[in-house]
Amino acid sequence: MATATEALEQIKERVQMVPVSNARDEIESGVRLVDVREQNEWDESHLEGAVHVPQAEVVERIDELHPDRSQRLLLHCRTDNRSARVADDLRELGYEDVGVIQGGILAWEDAGYPVVSASGLTPEQRDRYSRHTLLPEIGVEGQLKLLNSKVLLLGAGGLGSPTALYLAAAGVGTIGIVDDDVVDASNLQRQVIHTTDRVGVAKTASARVAIEALNPDVDVIEHNLRLDASNILELIEPYDIIVDGADNFPTRYLLNDASVRLRKPVVSASILGFEGQISTFIPYDGPCYRCLYPTPPPPELAPSCGANGVLGVMAGLMGQLQANEVVKLAAGIGDPLNGRLLLYDSLATSFTELKVRRDPHCPICGDDVPEIAAGDMGKFPDYELFCGAPAREPSPEPVA
């Protein structure tokens, strides 16, 4: 019995495989061309004058599109596998003169022949993001949403580093980074955006170097400062999505207040030891951080990574999960972790999901919380006092 590869080769021996140079001459002479790729592939780029009919619909629609079974017909797809299969099906239906463009649209472009490109994407971007645009859930439209999105990262550390790299690779158009620290040698075990030769450099500047080297499409905005009540509204207001990689409870509670007031979604994660957790908070569409953690744990139960240690690769995984959440939100796809808390145990390689409901009595997003006057928007509680200690990295242990 032939393997799938052998069967495909046998099909290609039965049908007419047409080199791109010959195909171009035929198209210019008026031969009908049918593109059998999917809609998202067509949207990305296509040949001028082609008729788009997805592979699964060709046999059903061929009588309407090309009723004369003796008339010449050309097919193409991304390479030539799908179009060869369609040509073989049409041959069995009695179509006498069906050709397949050898190598498909990729060979056509490699030969330097023109295509109709997606509006808004340059040829370089179509190539760079082609594995995204091939996904029907993303396509050209979703990639353009990513390119037009603005994401703010709180911290360029163990969580912010992998998040920043994957968001840059994904083509998020604007990435802001808030961090007032400099790169230390002890950071390099998990903060993968930094390098040995940048020890002593501001983390925002170090991150910018890495992001711009990875993807020149990205506009990196450095906020080399400490986030506090005096600047948080101004900082987060221009951005669409906030990524919480803060290492202390006061900042997390402050961010929660501000993001609820400005209705900004927050992708929040924390790490400690071998464990991590992540959730996405979309104001008034689910719980906020205060619904999940009404009060912080006592300081002795929330040691810092510097005091307790953290597994570097686990931090990387949690940062990638944050990037995944951001891509879903920015592109408008999938099911975000809104109302769900995902716990990860790296020693057991296990995930646990907990449902989290919005608290109608929450002092921040509850049903009876009075509207904040414009003049009071920038006023926040003293969260250093509320948390009872200086900034510390939160434990991933759930308290709700």
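Q: Which atoms must lie within 4 Å for a salt bridge to be counted?
A: The model is predicted. The cut-off of 4 Å applies to two side-chain atoms, one of them a nitrogen of Lys or Arg. Its partner is a carboxyl oxygen of Asp or Glu.

Q: How many salt bridges does the structure hold?
A: The count rests on Lys or Arg nitrogens within 4 Å of Asp or Glu carboxyl oxygens. One of the pairs is Arg14 with Asp88. For the structure, the number of salt bridges is 22.

Q: Which parts does the salt bridge between Arg14 and Asp88 tie together, and how many residues apart in sequence are they?
A: The closest N and O atoms of Arg14 and Asp88 are 2.8 Å apart. Arg14 belongs to helix 1 and Asp88 to helix 5, so the pair ties these parts together across a sequence separation of 74 residues.

Q: Are Arg37 and Asp35 buried or exposed?
A: The side chains of Arg37 and Asp35 form a salt bridge, with an N to O distance of 2.8 Å. Buried residues have under 20% relative accessible area. Arg37 and Asp35 are both buried.

Q: How are helix 1 and helix 5 oriented to each other?
A: Two packed helices are described by the angle between their axes and the distance between the axes. For helix 1 (residues 4-14) and helix 5 (residues 81-92), the angle is about 60° and the axes are 9 Å apart. The crossing of helix 1 past helix 5 is left-handed. Angles from 65 to 115 degrees count as roughly perpendicular and those under 35 as roughly parallel, so helix 1 and helix 5 are oblique.

Q: In which hand does helix 10 pass helix 16?
A: Helix 10 (residues 160-170) and helix 16 (residues 312-331) have axes that come within 7 Å and cross at roughly 40°. The two helices are therefore oblique to each other. The crossing of helix 10 past helix 16 is right-handed.

Q: Which residues make the nonpolar surface patch of about 390 Å²?
A: Patch residues need over 30% relative accessible area. Phe274 is partly exposed at 39%, and it lies in the loop between strand 12 (266-272) and strand 13 (275-281). The patch is made by Phe274, Leu311, Val313 and Leu347.

Q: What is the phi of Tyr284?
A: Most residues other than glycine have a negative phi. Tyr284 has a positive value. This residue is in the loop between strand 13 and helix 14 (289-292), and at 33% relative accessible area it is partly exposed. The phi of Tyr284 is near 70°.

Q: Where does Thr349 lie?
A: Thr349 is a residue other than glycine with a positive phi, near 50°. At 59% relative accessibility, Thr349 counts as exposed. Thr349 lies in the loop between strand 14 (340-345) and strand 15 (350-355).

Q: How many Å apart in space are Leu135 and Asn40, C-alpha to C-alpha?
A: Leu135 is in the loop between helix 8 (130-133) and helix 9 (139-147), and is partly exposed at 39% relative accessible area. In sequence, Leu135 and Asn40 are 95 residues apart. In space, their C-alpha atoms are apart by 7.3 Å.

Q: How many Å apart in space are Asn256 and Arg91, C-alpha to C-alpha?
A: Asn256 is in helix 13 (residues 249-262) and counts as buried at 4% relative accessibility. Asn256 and Arg91 are 165 residues apart in sequence. Their C-alpha to C-alpha distance is 63 Å.

Conventions:
Residues numbered from 1 in each chain as written. Predicted model: local features only at pLDDT ≥ 70, side-chain atom pairs only at ≥ 80, totals over all residues. Heavy atoms only, no water. Patch = residues over 30% accessible without salt bridge, like charges linked within 9 Å, V, L, I, M, F, W, Y side chains within 5 Å. Areas by Shrake-Rupley, 256 points an atom, 1.4 Å probe, with all protein chains shown as cover. Helix = DSSP H or I, 4+ residues; strand = E, 2+ residues; numbered from the N terminus. Buried < 20%, exposed > 50% of the residue type's maximum accessible area, 1.4 Å probe, protein only. Axes fitted to C-alpha atoms, helices over the stretch in contact; angles between N-to-C directions. Parallel < 35°, antiparallel > 145°, perpendicular 65-115°, else oblique. Left-handed = near helix turned anticlockwise from the far one by under 90°.
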